[in-house]
Amino acid sequence: MKKPHTPSIGFVSLGCPKAATDSEHILTRMRAEGYVITPSYKEADLVVVNTCGFIDSAVAESLEAIGEALQENGKVIVTGCLGAKGDIVRNAHPKVLAVTGPHATDEVMEAVHHHLPRLHDPYSDLVPAQGIRLTPSHFAYVKISEGCNHRCTFCIIPSLRGDLVSRPVGDVMQEAQNLVDAGVKELLVISQDTSAYGVDVKYRTGFWGGRPMKTRMTELAAAMGDLGAWVRLHYVYPYPSVDEVIPLMAAGKILPYLDIPFQHANERILKLMKRPGGSAAGLAGMDGKPSNSQNVLKRIGQWRSVCPDITLRSTFIVGFPGETEEEFEELLDFIEAAQLDRVGAFKYSPVEGALANELPDHIDPDEQEDRLARLMYLQEEISAEKLAKKVGKTLTVLVDDVDAEGSIARSAADAPEIDGLVYINGEDLEVGEFVTVKITDSDEHDLWGEVV
Ligand code: SF4
């Protein structure tokens with residue numbers, strides 16, 4: 001008897017870590033239902049493209065990927081952020097089979113079933129409990145919520161992904177436990193707004209390990225910290241509740257690392273951005289009242305006094321519409337005073353559909369470029385000085401990559417793909433291994449060390 005053809009699907013995943021977790025959920029469902037995932041357009045019966053629509057260059061890249069999949073394969077289903085942006089996909093590529101928005105596993109699977117009926121064999125198609133992962137097996141992103149309740153004027157994520165919807169705390173913990181059981185050494189908590197976790201469900205009490213547990217960032221971080229892996233918090237907005245996780249960092253339960261997007265320091269620009277909190281630095285001070293960037297600096301000082309080893313990462317937008325030279329200099333003063341460990345900075349760029357497009361006085365691109373260079377120059381100096389202070393210290397690092405020349409690892413201060421690296425020469429190490437290294441050298445981004 002002729003063996004039935006196993007339906008095969010090609011998968012293209014573009015965009016941010018949040019899009020990657022959407023891809024993982026879709027891939028997990030496909031594998032669970034007996035579809036084979038193939039890396040070849042030719043072998044695939046159809047192709048799913050998970051798109052990004054955040055900025056114009058991401059839109060162009062997504063449309064190009066869809067075009068390539070259509071040309072090479074012909075049967076294409078589109079999902080992700082670009083799918084939520086009206087008719088852009090269908091106008092550019094009328095032949096796509098289906099288009100869905102982000103976070104739409106059910107709709108994608110419906111389209112897959114329609115165009116490629118499945119061959120389900122629940123006895124032979126074993127999917128690991130941790131699902132299918134796109135990251136290397138020693139670290140994994142755990143998405144705790146979808147959407148966002150804020151309406152920052154430069155951002156269209158709420159219109160793409162909707163308001164905040166927190167995942168049940170028991171589900172998140174089970175996923176984290178499954179990952180650790182499968183050998184994951186580092187859990188990266190992601191969302192649009194991690195400190196808002198549970199706001200939509202009024203911090204509902206769920207269950208984990210037979211015990212009640214609140215749907216709340218502090219409780220989640222503490223419980224994840226008990227699983228025995230590194231736990232790193234991303235996209236934490238500086239609400240007063242953030243102060244509660246700093247002691248967990250000081251106690252070594254979770255990594256002493258806070259990814260906290262400040263975006264600017266000047267009160268007027270932050271108001272134009274409509275950052276959460278709606279006032280200077282978008283922050284509430286220790287007393288919960290709106291505060292200015294001096295209070296932010298005070299708060300950073302307090303975090304450092306509780307947890308001296310804390311690594312602070314932030315992102316900033318330069319050249320926002322109407323930003324004056326004085327306002328930009330206020331941002332530089334803040335950067336100088338805050339002495340952040342890691343900084344990502346971006347020139348403001350208009351995103352189709354964002355409210356900030358309507359603001360007057362857009363900044364000349366050359367001026368934006370100049371401001372970006374000035375900010376990055378300042379931060380490079382700060383970063384080089386801070387990293388130089390690590391020379392001679394002993395750090396625990398997690399090995400990410402090994403080649404003929406040596407190993408590339410990361411310390412607690414380095415998130416994958418966005419922060420620095422620790423280079424280790426000529427040791428026989430394994431990917432996913434924790435090792436202790438003595439730091440021997442540094443530059444403005446990275447460290448070098450030897451195993452002790
Ligand atoms: S907090 Fe602001 S920038 Fe972040 S996702 Fe929400 S609206 Fe966008």
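This is a predicted model: local features need pLDDT of at least 70, side-chain atom pairs count only at pLDDT 80 or more; totals for chains, interfaces and linings use all residues.
Q: Why are helix 1 and helix 4 called oblique to each other?
A: Helix 1 (residues 17-32) and helix 4 (residues 105-115) pack at an angle of about 40°, with their axes 10 Å apart. Angles under 35 degrees count as roughly parallel and 65 to 115 as roughly perpendicular, with over 145 kept for roughly antiparallel and the rest called oblique; helix 1 and helix 4 are therefore oblique. Their crossing is right-handed.

Q: Which residues make the contact of helix 1 with helix 4, and how do they divide?
A: Helix 1 contributes His 25, Ile 26, Arg 29 and Met 30, while helix 4 contributes Thr 105, Asp 106, Val 108, Met 109 and Val 112. These residues divide into five nonpolar, two polar and two charged.

Q: How do you know that strand 19 and strand 20 pair, and in what sense?
A: Pairing requires at least two bridges between two strands, and strand 19 (residues 434-442) and strand 20 (residues 447-451) are joined over five bridges in the antiparallel sense.

Q: In what order do the five strands close into a barrel?
A: The order is 16-17-18-20-19, and the pairing is mixed. Neighbouring strands of this sheet are turned by 50° against each other on average, direction ignored.

Q: What makes up the shell around the ligand?
A: The ligand is surrounded by Cys 148, His 150, Cys 152, Phe 154, Cys 155, Ile 157, Pro 158, Gln 192, Tyr 237 and Arg 275, and this shell divides into seven nonpolar, two polar and one charged.

Terms used:
Residues are numbered from 1 along each chain as its sequence is written. Side-chain values use heavy atoms; hydrogens and water are left out. Helices (H or I, at least four residues) and strands (E, at least two) are DSSP runs, numbered from the N terminus. Axes are lines fitted to C-alpha atoms, for helices over the stretch in contact, and angles run from 0 to 180 degrees between N-to-C directions. A crossing is left-handed if the near helix is turned anticlockwise from the far one by less than a right angle, and right-handed if clockwise. Contact means heavy atoms within 4.5 Å. Ala, Val, Leu, Ile, Met, Phe, Trp, Tyr, Cys and Pro count as nonpolar, Asp, Glu, Lys and Arg as charged, and the others, Gly among them, as polar. A residue is near a molecule or strand if one of its heavy atoms lies within 4 Å of it.
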